[in-house]
Each structure stands twice: as structure tokens, then as C-alpha cells.
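Me: I'd like to learn how to read helix packing and strand pairing in a model. Could you walk me through it?

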Amino acid sequence: MRVDAYENAVEAARDEAAKQGIYAVIRVEDNLEAIIGLLNGKPQQKEILRLRGMGISGFTEDGLCALGSTDILDTRTVRSLVKRVAETARKSAEYGDVQRNNEVYKLSPLQAEEPVHLQYSLEAADLSVLESQLMQAHQNIREMDKKLSLDSTYMQNDQQWWIARSDGTDVKFTIPMSVVRHTMTKAKGDVTRGSGVRHVAYDATPLFPGHEKDFLEQKVNNSYKFLVKLLDAELLPAGHYKAILTPNFSGVYTHEAVGHAIESDGVSNSVLGKDGKANLGEKVAQANIDVIDGPVEGMWGNLKYSMNGVPRQTVTFIKNGVLVDSLSDVYTASRAGTSINGAGRAEHFLHPAIPRMSCTRIVDNNAIDIDVHPDYMTPQEVYQMLDQLGEFKEGEPIVMPVEVTGGQVMPEVGSFMFNCRGIYLFDPKGKEKVKLYGASSFGGSILGALKTPMQGIGKDLMLDDGGFCGKSGQHAWVSDGSHPYMILGKTKAVTFGGQ
Amino acid sequence: MGNRFVTSLEKEIQKRNDVKDWVFTFSSSDNMEVGMENGQLAGPYKPPTVRKGFQADVYVVWEDGSVSDATVEPHQFSNLDAAISEWRANSYTDPDAAPVRQPEEYQKPKLFDPKVNALLTDYGHLFDVMNKYLSVMKDGGAENIEGRASVKVTDVFLRSSTGMDEHYKKASMSSFAFCEGQFGEGDGTVKFSSLDDVEKLAQRAVDFYKIDQIEAEMPTGMTNVILSPDTATQFMDFYLGEHLHGGMVAEKKSKFKPEDFKKEKQIFHPNLTLVLDGITDYETGSAPFDGHGVPGGYHELVKNGKLQTPILNSKWGNKLGMNPTGTGDFYAHVPGATPLDDMISNTDDGVVIHQFLGLHTQSYEKGDYSVPVTIAHRVKNGEVVGSGKLSLSGNIFDDLSMKKGNAQQVEFCYDPLHPRDVGYKIIGKVQPMA
């Protein structure tokens, strides 16, 4: 692995940490990132970034800590950095009531190496070939409609890490990711609307002929048809509705409404906390519901180890509707009252490691077992499916949000929201049984939403909704998902609407 | 003036015989940061943090007309020849690419306060700032407190094949703190922040926390809605910033066309001027030049409600045939705006919006918004009577335009603690939220 080249720097850091009497968690990053951008048929960006550096979290025996980082990995610079970290940690005690945390001393050593072998590795990449493939896809989309404004980007990361600790731990792994984005904007008179597709993977596979490229094209076609209808769409009156969610919505909803509230650094103050700890044993959802986070092969967020060199576990933190665990790292697992499950992540070497999600999913243990796929069903077919399943028996409409644009949560307050570019209203009593409305939000109370009855449709989980999660000034790439569809009962705790 | 990295980069590029023109900025920075979490200083998530770093951002125009944008990381300085060859291999042809600019007169805003610079090594004041937030918030009854105070000193060099040779140094400090997850205040400045300044910010956050303890019934339907200066600035930045971006205008993704600027089309309320300010002393967005040597300046993007210029870098300025504006702070300038407290006193019935959730997820294209508001203050008879949550929906262009006689209906206010932030009062649509 590329990080093997920094052995001298790692050993110097470890040795100097011992001399300075501190426990060091050493994070070496060697990151290759390729970015290609096209706008309306014209190249905008094409470069490879080569980020390299070392971050050191240093802990005294009595739990004082500091963080230092450097881009220069020679032994002299590294030793100087360790000294500075040690001095800064010790000096911090002069300034007041300083938090002390020496949990890291309790970890057991570990040796592990997990390289990843990719079909289209960045180390051997010719950006011109990737640009050409992206341009082909870009031009195909432009051919659909000459009046489209189209922005296409391809980004691929090959992020290698070496996590070393004072106890002799050496853990090396790779976090690969790629994303193809096509964002379309179209105008009709004074009205402008946008839609887009984001397709995540590990490498450039979606750019080359094959199943993933075909799937991406299907998503683009759906998005374009949706965009054309969006130009004439009004806004849905705000209100409480029964909803049918596709995996990207159920996933983002789980991520925002539940996942953040259960991260160990914040759970004690979140609505899922009690008396300073995670409120384990509390019934927070319906009995058919599990919520799980953990590595899934092939998905974004597939992390085998944490940024503290601890194995990342698959955690069922809500089991049969009951809160049973949190997403915990070494520093705050005991504060949360749960065990360490390796949830610590850092965006880059200069950041502290904080508890973050990886691949989060909500599962209905009683999901209806039928073969459906949202990317291959029209809204009319979704309506028919709902009708056949008897979901309109109360005569009330059901909404289906389309193209999530992101979300946000306040775990302490218990509020979450996310947004979509459009929302369908399926109304058995309506003049139009299937009607598209414009951009809409979906938000409300975390606890209220969790307790709402949910019904999964389709047994196999779809977990490939990848995106960037922001927390404390850092981005982490994560994925989420659920069954092909999830029905969310109507509740006053959740509001949908655009006006 | 320069350093060995600047000199070596310049020399290596000049050795090439396939380079037509080039420009680069070399930035080195020194940072010190302290934080607090869970009501205590430091800890593993907000440790005292030291960092030094540097990089160069380069733009090259090759002899064949193709261009390259590249970032040079520290380790690449030991093998610049390989890095430059990689840029060449990844060059691309952009028909809108701008030429490298000629040197100009650059205004030099004051950006270096020695007292701020001293905090890099004598950083006790940063801890004092954190302790001040802590003590004010704890005295106010809050417990879950987190925050950060930091100082960053940056050296920036500008060089180009056309003769640019400039340098500036900037020392900035910032601090913020939140209690109970949502009641926060902070500031970023290029001048030393005193503990008195911090105390006022911390007290404001505590005041909001206390008001939140009093639940007030939120109205439904159309009512007086005051967007606080902070939230209004976020709103305008998100929606209007996108539509005023030069690339969006040039590529027809904005609702404004290039000719709208040339004709100075009246879009907004005649009292509203939107500014891009890169030149005022001791402001965080100020700089003598950007990465392509575009001078910092004071630009009225919208003047008295009329479009003047998009936000233009070198490329989009070249494409649209307009002078580039460079970068800077984006804010509204409304002479005659009243202090927020006065606007509240003059409001019989309504709400003040202080915090949104998920603004970044909204679709900017039409200007529609439907956002949850997690801190809304209820106003009755000119006084704030309590707090609650609601959703706010509408369209920012309708709110701030001349349509439907809005010129009479929009009033503007400012925040004495953050004088550049401007808020406004409209008749807006709200609905209580769980």
C-alpha cells in the first residue's frame, strides 16, 4: 500500500510519543482524488489532488489531550510535532476545567491490513480516458433536450490510511469512493427547475459499459422525465400525510431522524438520551422495526476500522423497536453507557476522530415480500401497487417524495427535516389520481416519526444511496437505505409540504 | 519578496517551453484552535489543535490553448517537474477559459493585527474566550455547551508570467459557542476580540435559551414575519447568491440574464443594495486579490433594487464581457434600517425567525422556500412573549420584489452585534410545527 512508504515517520512519531510520555494515535493519510467537471459540453475541471499528511492525537496518562498535524512526513518534523502536541496537552490544564479522557489506554493492540483491489484504480488512471467516458454520457443527456443546462462531474477518491498507536497497533486500510453527478436545469418562461442524479460506487465502473452504466442511464432518464413535469408543478399544501418512501428517503430519514441522535458523543444530550446516557431499553419505534449501522461491502461507508484503529462493528441500535445500543467510539462509549463499536471517523488527517455513521438502514422484519424496484416503476405503477395492497382503504391520499436534496437534524431539540425536488400525491378521490407537486420538505419530531407505524415493501434492502454527511466541520461519505418502499403512516409528528 | 517554495515553483514553470502563461498563489498558514464540549474545555473531540500547512494553487495556459488548474501539495515541491508534467497530461480545452491577467494596482486593506498574531503562541486568550462563554452560559442555567476559538495567520504570495508579484498577510480569529444544541453565537474577525465582545455574544445566546423556556402559541397563516438579520443574511446568501453567481448567469441557470444587468433591471425593493466587499479593513472576506490576480473591491451587485453585476471571477467576467468582481463578503446594505429590537417594538403581532433547519437542502431555482424554523419568537404588542417552532413558506423574490406593492411592505433592520447583517419584515405564511 502507498502508506507503507511512511514507516520511518510512523516509527519516529511512536518513539517520540514514548519519550514525551504520551499515548499517541497516529493517523497517516495518503489520498488520491480525481475530479472531472463538464458544463454544457465544455470541460471545466480536470485534476488529480495528492493529499498526504499525519495527524497525531496525544493523550497524557491523566487524560489531557491535544491534536497536531503536518503535511511534511520527515522524521524531524514529525518528532517536533509530537513534542508540540505533548506540551500543548499538558499546558491545557492551566486554563480551567479541562475534560480528561484516557479511555484510549484501555484498548488492545491490533495488527490488520485491508487493501482494496479496484477495477479502475486511480493509481493507474488516465484522466483523459475518464473524461472521455464522462463526456460521452454528458452529450447523450444533452441530446435528449437541447434546452437543458447540464452540469456533470465525476469524482473518485482512493484514500489510504495507516492508524498506528503507542500500544503497537498498526491498522492499514483503504476507503475508496466515486460519484457521478448529472444536474439538469431547464426553464419554461420565467420558471426554472432543476433535477439530478447522483450515482455512487467505488471506482469508474459506472462510466464504462456494463450494468452500472445502464442503471445510471435509467436513473438519468427518470430524472429528466421528472424535470419536464416539474416545470408545471404547483406546491403541495403543507399537512400531515401518509407517505411511501423510496430507499433514498427512508435512508436519509433514518440517518437524520435517528442516526445522529444515537452517536455516542451527543446521545447523552439528545432525545434518545436519559440521565446523561443512551436511553437503552426505551421503546422508540414500532416492534417490527430494526435500525442498523455498519459496513456493507461495495457501499459507501464500508469501513472495517475506525480512525482510532478499532474494528468497526455492525450495530443494531434499535431492535424490535427498542433502543439497545449507540454508535460509539473509544472516547465516549462509557459516557453513553454502551460498548465500543468502532464508530470513530475523521475526514482527513488534520481532523479529530468523532463518532459517525457508515451505512445506516431501517428494516421492517415483517416486510411484504414482492419483487419491486423503484427505479423501474412509473408513478402510475406505484399507485396501482398501493391500491392492490389495500393502502387506500381509508380513502386518504398518500405522498411520495422524489429526489431528496439532503437533510438536517437537531438531536438535542428532537427536530429533523429533509427536502425533495418534487412530491407525488396519490389520491384515490382526486381528479388526478397521480399528481406531481414541486419542491417539498418533510420534517418534524424525531421521536414522533420513529413511533409512526411503518411497513416495508420488498424483502431485499437497497443500500446504495450514498452522500456526504456534515458534522462538526467535517464531511464523511456514508450510505443508507431500506426496503424498495417503506410506507410511513400519517402522523401529526411529521409534516410534508411546500407551502 | 517571496520564499523558497515560491521561487522554486516559479523557476520550474519558467523552465517549460510549452507554457504560454501562468499565475499562482502560494499560501502558508499557521493555526491554533481550542474548543469545548459537553460543558468542559478540550476533550478528544475539541482538543487544543496545532497545525501548519502550505499549498499553491496554479492556473496554466499552455501554448496549444489548453489550460490546467492544479493544487501543489507540500510533498510535491520536492519533485515539481513530475507535478507539472501531470498538469500538462490533464490539461483541457475550455472555450471560456480566461487569459492570465496583467498586473494591476491592488488596494491593501488592513488585515493584520499583531495582537491576533500573538495568539498563535500565547493562546491563553483563546481559552479565556471559551471560559467566558462557559461562565455566562452556565450562569444562565445552560449545561450542554460546546464551542471553539481559533486563530489563523496566513501568508499569501501572488506570482504570474505577466509580472504579478504581490504579498499579503492576514491574521484572523473566530469564536463560537452553543448551549443546549441550538442557542449559539459567535463571530469571525480580523481584529482582536475582547472578552467584553464575547460576553455580549454569550449573553445573547443565553437570552434566547431563556426565552425558549417559555412556550408560546405560534400563529397559523399570514402574519408579520421578521427574519432576523442572521437568518435573512443566510437566506439571501443561499438564494440570491446562487442567482447572482457569474457562472449561473452565463450558463443560463440563473433567473437573471446578462442583459438584465446591462439594463439595470429593477428586481428588488428600492431600498435594497447587495454588496460584494473584498476591501474593507479588518473583515474576514477582504483580500487585495484573488487566485487569478483579480483585485479585491467594493461592488454593488444590486443597487437600490436594480441589478448591476453578477459575482464574476476572471473566467466568467471574460465570458460575459464584464469586469470581474473577485471575491469578498456578500451582504445587504440598507441605509435607514432600524435596530432589530426597534422593529420588534413596532410590531403588534407576528413572529421573529431566528433559526432554520435544512436551508441548504432547499431548491434555489425559483426562490421558493418551505423551511422548518426551530427558534421562532412570538411577538405580541411589541414584545417577545415566548418561543416555539413553525414552518415558514413563501418565495424570496416575491418577498423582496416590487410585485404587489411590496415596496411599502418590506422593512429592514440590522443587528448591533453584527452590523453587516440585515434582516427584514414581510407578511409571510407560517404554520406551527410539532
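This is a predicted model: local features need pLDDT of at least 70, side-chain atom pairs count only at pLDDT 80 or more; totals for chains, interfaces and linings use all residues.

Me: Which residues in α1(B) and α2(B) meet?

Reply: From α1(B) you have S8(B), L9(B), E12(B) and I13(B), and they meet L80(B), D81(B), I84(B) and W87(B) of α2(B). By type, that contact divides into five nonpolar, one polar and two charged residues.

Me: Now chain A. At what angle do α1(A) and α2(A) cross?

Reply: Roughly 35°, with the axes of helix α1 (residues 7-20) and helix α2 (residues 75-91) of chain A coming within 9 Å. The crossing of α1(A) and α2(A) is right-handed. The α1(A) side of the contact includes A9(A), A12(A) and E16(A), while V78(A), V82(A) and R90(A) are among the residues from α2(A).

Me: On to strands. What do the side chains do in a regular strand?

Reply: They alternate between the two faces of the sheet. One place to look is L158(B), whose bridge partner in β6(B) is E166(B).

Me: How many residues lie between β5(B) and β6(B) in their hairpin?

Reply: Four, and G163(B) in that turn has a positive phi of about 110°. Follow β6(B) onwards and you reach another hairpin, this time with β7(B), with three residues between the strands. In that turn E180(B) has a positive phi of about 50°. Seven bridges pair β6(B) with β7 (residues 183-189) of chain B in the antiparallel sense, and M173(B) stands opposite T189(B).

Me: Is β8(B) mostly covered or mostly exposed?

Reply: Mostly covered: five of the seven residues of β8 (residues 221-227) of chain B are buried, taking buried as under 20% relative accessible area. As for partners, β8(B) pairs with β18 (residues 418-432) of chain B in the antiparallel sense over seven bridges, and T223(B) stands opposite G428(B). β8(B) also runs parallel to β14 (residues 349-356) of chain B, joined by four bridges. There, V225(B) has V351(B) as its bridge partner.

Me: In what order do the strands of the four-stranded open sheet come?

Reply: Reading across, β11-β10-β9-β12, in chain B and with antiparallel pairing. The edges are β11 (306-307) and β12 (329-333), each pairing on one side only. Further in, β9 (residues 273-277) and β10 (residues 298-303) of chain B are joined by four bridges, and L276(B) stands opposite H299(B).

Me: Which helix lies across β9, β10, β11 and β12 of chain B?

Reply: That's α6 (residues 229-244) of chain B, and it runs at about 105° to β12(B).

Conventions:
Residues are numbered from 1 along each chain as its sequence is written. Chains are lettered from A and ligands numbered from 1 in the order in which they are written. Side-chain values use heavy atoms; hydrogens and water are left out. Two strands pair if DSSP finds at least two bridges between them. Helices (H or I, at least four residues) and strands (E, at least two) are DSSP runs, numbered from the N terminus. Contact means heavy atoms within 4.5 Å. Axes are lines fitted to C-alpha atoms, for helices over the stretch in contact, and angles run from 0 to 180 degrees between N-to-C directions. A crossing is left-handed if the near helix is turned anticlockwise from the far one by less than a right angle, and right-handed if clockwise. Ala, Val, Leu, Ile, Met, Phe, Trp, Tyr, Cys and Pro count as nonpolar, Asp, Glu, Lys and Arg as charged, and the others, Gly among them, as polar. Buried means under 20% relative accessible area, exposed over 50%, partly exposed in between (1.4 Å probe, protein chains only).
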